[in-house]
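Got the sequence and the 3D view open?

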Amino acid sequence: MTIHRFARPIAALLLAAGVLAASAPAQASDKTLRAVVNADLKIIDPTWSTAYVTIRHGYLVYDTLFALNSKYEPKPQMVDAYAVSPDSLTYTFTLRAGMKWHDGAPVTAADCVASLKRWAIRNAMGQQITKALDAYEIVDPLTFRIKLKSPFGLVLEALAGAEQPAFMMPQRIAETPPDKQITDPIGSGPFILKKDEWKPGNKTVYVRNPDYIPRKEPPDYLSGGKIAKLDRVEWLYINDANTVLAALQAGEIDYFEAPPLEFVDVMKRDPNITVLKIDKLGVTMMLRPNSLFPPFNNYKARQALLYLVNQDQIMQAVVGNPDLYLKFCPTYFMCNSANATEAGADALKGGPNYDKARTLLKEAGYNGEPVTVLYPTDRAQYAAATTVIIEALRKAGVNVDIQSLDWATITARRTKKDPPDKGGWNLFITSAGGPDVAAPLSNIWFVSPCAQANVGWACDDELTKLIEAWAREPDRDKRHAMIDAIQTRGFISVPYAPLGQFFQPIAFRSNIKGVLLSGVPVYWNIEKQ
Amino acid sequence: MMTFVLRKLGSTIVVMLVVAVIVFLLIHLSPGDPAAIIAGDRANLDDIAQIRQSLGLDQPLAYQFALWLVRLLHGDLGISLFTRLPVTDLVGQRIEPTLALAAVTMIFAVAMALPLGILAAWKVGTLIDRAIMALAIVAFSFPIFIIGYGLVYGFALTWRLLPVQGYTELARGFWPFLQHLILPGLTLGLVFMALLTRMTRATMIEVLGEDYIRTARAKGLGTSAVLLRHALKNAAVPIVTTIGTGIALLIGGVVVTESVFAIPGVGRLTIDAVTQRDYPVIQGVILLSSFAYVLVNLMIDLSYGLFDPRIRTT
């Protein structure tokens, strides 16, 4: 009998299929967390780059002198004890004993002073400390002082800053010239970067620091005990959100730091996935005018922008899901924060008023000249908000010149001080979030020091004086009482128009426990069951 | 033969020099500022200016080009503006996944396309021929990402036979390595299969009309001997050219497939570098890709002699 000539190939295929089915994709160990974060980690120097992913990296490998608790109060972290002189000009800090760098060397006061000096070069709050500074003084290996020559009431808040933290690093690394990136990721944090396994564009790997000594208090927001319960954290760079969702559903990844908001309902329906809002402050979107050129070099034209804003409509376009945004948030300092206030926000209340906007623009001298709006083609949320704003501008009689550009080009163009019709700009949309936006001095889009301001160059000496007075005040309650006046002035000079506040949840497999409500995603306290 | 190879390599150097100049000018003159991207959204102009200066991006273009060319002549492709890692290291990390994907894709494509193309040519004008051509058109028309998502939905999410994404190095085991390449290889392979099927069919039809085929049939040779030993060998040259061109394209990186399946290949490296304006990486990858392209074309030219003795002796 002749064996059918196709029997052998068919049998081989069936055998191969059986082997494939039996060989399930390899599972990582139970103490390895596979996470997809919001961007690829390319820069590991958190004083060189303000990119969110670099700051996230910093939270893994570094520690800070102070950290915020859930009431946004600065609490000692690396510091064991501290004292403030009665005149609030001298701050004495004593470090916790036994802390070590990842290379085994002890953490000393000299390391911390060098780290503060490097951090203060670029950080807005650090620059204010430097302005008020008399000297750093090292008292003994674990004790140092910050001596001020003039009052600055936010020293502890600055050291506990959440979005651009004062990460501590060894002196030899901190003394890298400020025009050079650090390349050695040695810190004293709960995790260690495995540089030999770091493949930019693919994977970043951290392992637990066995020498880390956590504080005894329970974790609270970013403060308290940072107990690393995972042996290994892998950051995978997967730039296709659909692929990440599928991988999360299949259990190939455990943690999705920034899922597109339109995926939230799909993930919530999956019993193996938990969706969690870890940040009660969220993100504020803002319409930033260019104060160098007409019409927005006139405060009335900037006020007109407030009358174009329908936050509910904008957030619907940007977010969609009403569970993920606030319908109305009339503050510059983040709703749900201690500084949230409605003072001065009348222009935002009652919805858009295009006639009022038109009147204000006319009073500002606007005569129909093109207003250049930067439209980002590759940032879906910003593009959605920009579309709504363009429509509102047109309703107010503005002649809109839309410049559709990718975000990389926009980040370059918005730094140009050229006239809008010669490569410059009039308006663009951006966003920011967290406790730094909730305070006048650390909100880099709110401060208005003219030439020293962030792009847009908001300029208001009166506002600047109010903020400086607030920053000088050492008493927290007295500072809080000054917020209304600052915001009222803000709504007069309008450094930006607040477009709404929304929340970016994270998603993770349901066997992941201990995820903290920390504002910034952190990996201590997390375990896999 | 040696003269031919040396002449080809000589022209490669000229081609790469021209590519180097064009790429350098294109990326430096196009809008975008890597210093601003590095500094991040919260940096001010002074920070950005300092970064620009430290990276040498404030130097005149001619100076930057001369510096880069001198380094290139020493085999140094420069350092990534972002990661500060050598471009050669970054590309080196991506070579294995890129070559592996290219190989698996071409194996799938050739294994499917050759039999289908031969069958279509043999049964030209029949329902079988039309069905195969329809299949080729459909496979070619579907966007790659839809094919990819469809395969992921079926094989990974529904039947749990294969992983959704990722790449495992060969050193970590052959089966994990292969498992991660099956779906992306099939996704891309279907597109190349379509192209190759049509090319195979067209050249086979032409060859099957030749006198020597009629002679082979008249001698009493069986169908498979006529098709495979006589017709296919004579139709091989254009088919090999298409395969070679496909391999060269694959080595340059396939962004969509690499993105859908999270394969850390050259395509993703290139697109990330372009969106971030990482000039040394863009320049390095494009130069290496053009070199690979020329090399593959050279190997295709040399392979013609294997199939056609007439080419071998000229």
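Here is a short tour, grouped by topic.

This is a predicted model, so to speak of local features a pLDDT of at least 70 is needed, side-chain atom pairs count only at pLDDT 80 or more, and totals for chains, interfaces and linings use all residues. Residues are numbered from 1 along each chain as its sequence is written, while chains are lettered from A and ligands numbered from 1 in the order in which they are written. Helices (H or I, at least four residues) and strands (E, at least two) are DSSP runs, numbered from the N terminus.

**A sheet in chain A**
- Four strands of chain A form an open sheet in the order β4-β5-β7-β6, with antiparallel pairing; two strands pair if DSSP finds at least two bridges between them.
- β4 (79–84) and β6 (133–140) of chain A are at the edges with a single partner strand each, so one side of each has no neighbour in the sheet.
- From one strand to the next, the twist averages 15°.
- β6(A) and β7 (143–148) of chain A run antiparallel and are joined by six bridges; A:L133, for instance, has A:L148 in β7(A) as its bridge partner.
- Helix α3 (109–122) of chain A packs on this sheet, where it touches β5 (90–95), β6 and β7 of chain A. Its direction makes about 160° with that of β6(A); axes are lines fitted to C-alpha atoms, for helices over the stretch in contact, and angles run from 0 to 180 degrees between N-to-C directions.

**A loop in chain A**
- Both A:W457 and A:V447 lie in the loop between β16 (427–433) and α14 (461–472) of chain A.
- A:W457 has a positive phi of about 50° although it is not a glycine.
- Buried or exposed? A:W457 counts as buried because it has 20 C-beta neighbours inside 10 Å. The cut-offs are 20 or more other C-beta atoms within 10 Å for buried, 12 or fewer for exposed, and anything in between for partly exposed, with C-beta atoms placed from the backbone.
- A:V447 counts as buried too, with 20 C-beta neighbours inside 10 Å.
- Leaving out residues up to four places away in sequence, A:V447 touches A:L441, A:A453 and A:I467 (a contact means C-beta atoms, placed from the backbone, within 7 Å).
- A:V447 and A:A458 are 11 residues apart in sequence, and their C-alpha atoms are 7.3 Å apart in space.

**A cis peptide bond**
- A:P294 and A:P295 are joined by a cis peptide bond, with omega about -5°.
- A:P295 lies in the loop between β13 (283–289) and α9 (299–306) of chain A.

- α8(B) spans only 41 Å between its end C-alpha atoms, whereas a straight helix of 35 residues would span 51 Å at 1.5 Å a residue; the expected span is 1.5 Å times one less than the number of residues.
- At B:I182, α8(B) bends by about 35°, and the proline B:P184 follows within four residues. The bend is the angle between axes fitted to the seven residues ending at a residue and the seven starting there.
- B:R160 is in the loop between α7 (144–158) and α8 (174–208) of chain B, and its phi is positive, near 55°, though it isn't a glycine.
- B:R160 counts as partly exposed, because it has 14 C-beta neighbours inside 10 Å.

**Where the chains meet**
- The contact takes 47 residues from chain B and 41 residues from chain A.
- On the side of chain B that touches chain A, α3(B) gives the most, with six residues.

How values were computed:
Two residues are in contact if their C-beta atoms, placed from the backbone, lie within 7 Å.
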